[in-house]
Amino acid sequence: MSIELTRIEEFALITLNRPEALNALSFALIRDLGRALDEVAAGGARALLITGAGAKAFCAGADIKELTGRSLAAQKQGAELGQATFAKLDRLPMPSVAIINGYAFGGGLELALACTLRIATRNAKMGLPEIKLGLIPGYGGTQRLPRVVGEARALEMIMTGRTVGAEEALRTGLVNRLIEGDPVEQGIAFAREFSGYSLPVLGFGREAVKRALDTPLNEGLKIEADLSTLAFQTRDANEGMAAFMEKRKPKFGDH
Ligand code: CAA
């Protein structure tokens, strides 16, 4: 199976499992990933972690061997399949974290960009090298990268195809943290920083920030007013504010 879905305590873990091809995204793998994301959506985990099997790569991108010689119609369908699969991450009821444990190129970086947050090992190397193949990114990279690092940096990465190291990725906001030690353990430690909070309220926060990036300010502020009001009417908000007043730790129950 090219995708492994496991559970570690309250977390779902998806491992891209084609280490012999640096976890490249074959179409079979993308379909398996889509099914795994559907399972995660229904599975009640507090967060989803995604990583790559083996010590070398998170994911080396679309499977170039499969791309070669395809018809235009098949190519368009492939791009739409990749985009639709990665878009499932936005709709998950829980946040997702890409644990970039080595190479994340092309579609591999696009998958990481579709996650809520990204952490990387110090040996991680990232880039959108499609231009070197005579291509541009097709699984969301041209849209999500500028939203994460800004237009100028995104254009530079897409136009030069150059490789970005872990330190630069941290400095530019491409990743949130650098990690040392076991990547999955570090991913869990990172996820624990938010996973104890109310899941629906975390969802409202994610939604509000996502909308900020494609909405004029005035409309975005209205969305924030609506979503913060929805948060306010949850039982978790009552509990959080009551716990503050009573000087105790809140017990959130996802409502
Ligand atoms: N597709 C298919 N197979 C791949 C692959 C890919 N993207 N990346 C690596 N592999 C395979 C290699 O062909 C090799 O298999 P064989 O031994 O059978 O030849 C195996 O994985 C190991 O790879 P290397 O020997 O190349 O390993 P390396 O350590 O020398 O180099 C690398 C690592 C720099 C990541 C190099 O493999 C590489 O440049 N890979 C391609 C990266 C790339 O261009 N990605 C973008 C793909 S296009 C895309 O993603 C479009 C999109 O927007 C969706």
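Helices and strands here are DSSP runs, numbered from the N terminus. With that in mind, let's walk through this predicted model, beginning at the loop between β8 (125-127) and α5 (141-149), where Leu133 sits. Leu133 counts as partly exposed because its relative accessibility is 47%. Together with Ile64 and Leu135, Leu133 makes a nonpolar surface patch of about 260 Å².

From the patch, let's turn to the aromatic side chains. The structure holds 4 aromatic pairs. One of them joins Tyr103 and Phe105, whose ring centres are 5.6 Å apart; the planes meet at 25 degrees, so this pair is stacked, as planes under 30 degrees apart count as stacked. How covered are the two partners? Phe105 is buried, because its relative accessible area is 16%, and the cut-off for buried is under 20%. Tyr103, at 27% relative accessibility, counts as partly exposed.

Another pair, Tyr197 with Phe252, has ring centres 6.4 Å apart and planes at 65 degrees, so it is edge-to-face. This pair links distant parts of the chain, as its members are 55 residues apart: Tyr197 lies in the loop between α8 (183-195) and α9 (199-212), while Phe252 belongs to the segment after α11 (235-245).

How values were computed
Residues numbered from 1 in each chain as written. Predicted model: local features only at pLDDT ≥ 70, side-chain atom pairs only at ≥ 80, totals over all residues. Heavy atoms only, no water. Patch = residues over 30% accessible without salt bridge, like charges linked within 9 Å, V, L, I, M, F, W, Y side chains within 5 Å. Areas by Shrake-Rupley, 256 points an atom, 1.4 Å probe, with all protein chains shown as cover. Salt bridge = Lys/Arg side-chain N within 4 Å of Asp/Glu carboxyl O. Helix = DSSP H or I, 4+ residues; strand = E, 2+ residues; numbered from the N terminus. Buried < 20%, exposed > 50% of the residue type's maximum accessible area, 1.4 Å probe, protein only. Phe/Tyr/Trp six-rings, centres within 6.5 Å; stacked < 30°, edge-to-face > 60°.
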